[in-house]
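The following exercises are to be worked with the sequence and the three-dimensional structure at hand. Each task is followed by a solution in steps.

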Amino acid sequence: MKAVAIIPARIASTRLPRKILRDICGRPMLAHVYEAARASSKLADVIVATDSAEIEAVCKQNGWSVRMTSPEHRSGTDRVHEVAQSVSADVYVNVQGDEPLARREHLDALLALMENNDVPVGTLMTPCGESDVVSPNAVKVVTDARTKALYFSRATIPHNRDGRNDIRYFKHLGFYAYRKPELDQFVRWPESSLERAERLEQLRFLENGVAIYAAETPFDTVGVDTEDDLRRVEQLLRSR
């Protein structure tokens, strides 16, 4: 199975300007993400997909593989799809550029899931911390017995009606692996109603009947959207 990781990286960010190049422990955020992906022996290549000449220059300076993509893309998945049109692979992995706590184990778990040819789309989940259970910023996922996702939500799912102590909650981590037909379909479909309501693009797959399977990992991450996130990630990286 040939797998290629693509890191969508745009310079524009409303809540944290230029976040992809912000310094964390002496290196740009993108460096932490790229090097984590490169550490996985299961990946044939890791490519940064950007619309920014500044990001392209940083990549070339560091010897990272980079492709310039259209500035018109609305999502990272669209950017991954553009690169997939000219890079041949069995599986394309979307690694978010604002996940500096990404690690080799995330990629290895996701790609182990994709070894099963019956899995069209894969993602990751981790046991949900108490504060994340009620936070709309932490996306929860519920799955069936075969780890096929039933739903993703910013709400607390499942709802613990009787106040039980044995309910397990899982946080969704934004790493995705797609086969080419499903990736091609995704960009052709219009934004779905559930996707629009939750602001979660993976719901477009579920609403169109494409299964997403989730591999469990013990390693949580922190997606960086604010200055507080940046400081928290730096503290976590220094403590590793």
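**Exercise 1.** How many bridges join strand 4 (residues 45-50) to strand 5 (residues 65-68), and in which direction do the strands run, parallel or antiparallel?

*Solution.* The model under study is predicted. Step one: strand 4 and strand 5 are joined by four bridges. Step two: these two strands run parallel. Step three: within the pairing, threonine 50 lies opposite methionine 68 of strand 5. Step four: helix 2 (residues 53-62) forms a β-α-β unit together with strand 4 and strand 5, and this unit is right-handed.

**Exercise 2.** Identify the residues with the most contacts inside the largest nonpolar core.

*Solution.* Step one: this core has 37 residues. Step two: the residues with the most contacts inside it are Leu30, Leu43, Val48, Ile55, Val93 and Val95. Step three: the elements that each supply at least two residues of the core include strand 1 (3-9), helix 1 (29-38), strand 4 and helix 2. Step four: helix 1 gives the most, with six residues. Step five: take isoleucine 55 as an example; leaving aside residues up to four places away in sequence, its contacts include Leu30, Val48 and Thr50. Step six: a second, separate core has 28 residues, among them Phe152 and Phe186.

**Exercise 3.** Which residues of helix 6 (residues 180-188) are buried, and against which elements do they pack?

*Solution.* Step one: the buried residues of helix 6 are Glu182, Leu183, Asp184 and Phe186. Step two: the buried residues of helix 6 pack against helix 3 (76-84), strand 6 (91-95), strand 7 (121-127), strand 10 (170-178) and helix 8 (203-207).

How values were computed. Residues numbered from 1 in each chain as written. Predicted model: local features only at pLDDT ≥ 70, side-chain atom pairs only at ≥ 80, totals over all residues. Heavy atoms only, no water. Buried < 20%, exposed > 50% of the residue type's maximum accessible area, 1.4 Å probe, protein only. Contact = heavy atoms within 4.5 Å. Pairing = 2+ DSSP bridges. Right-handed = clockwise from strand over helix to strand, strands pointing away. Core = buried A, V, L, I, M, F, W, Y, C linked by side-chain atoms within 4.5 Å.
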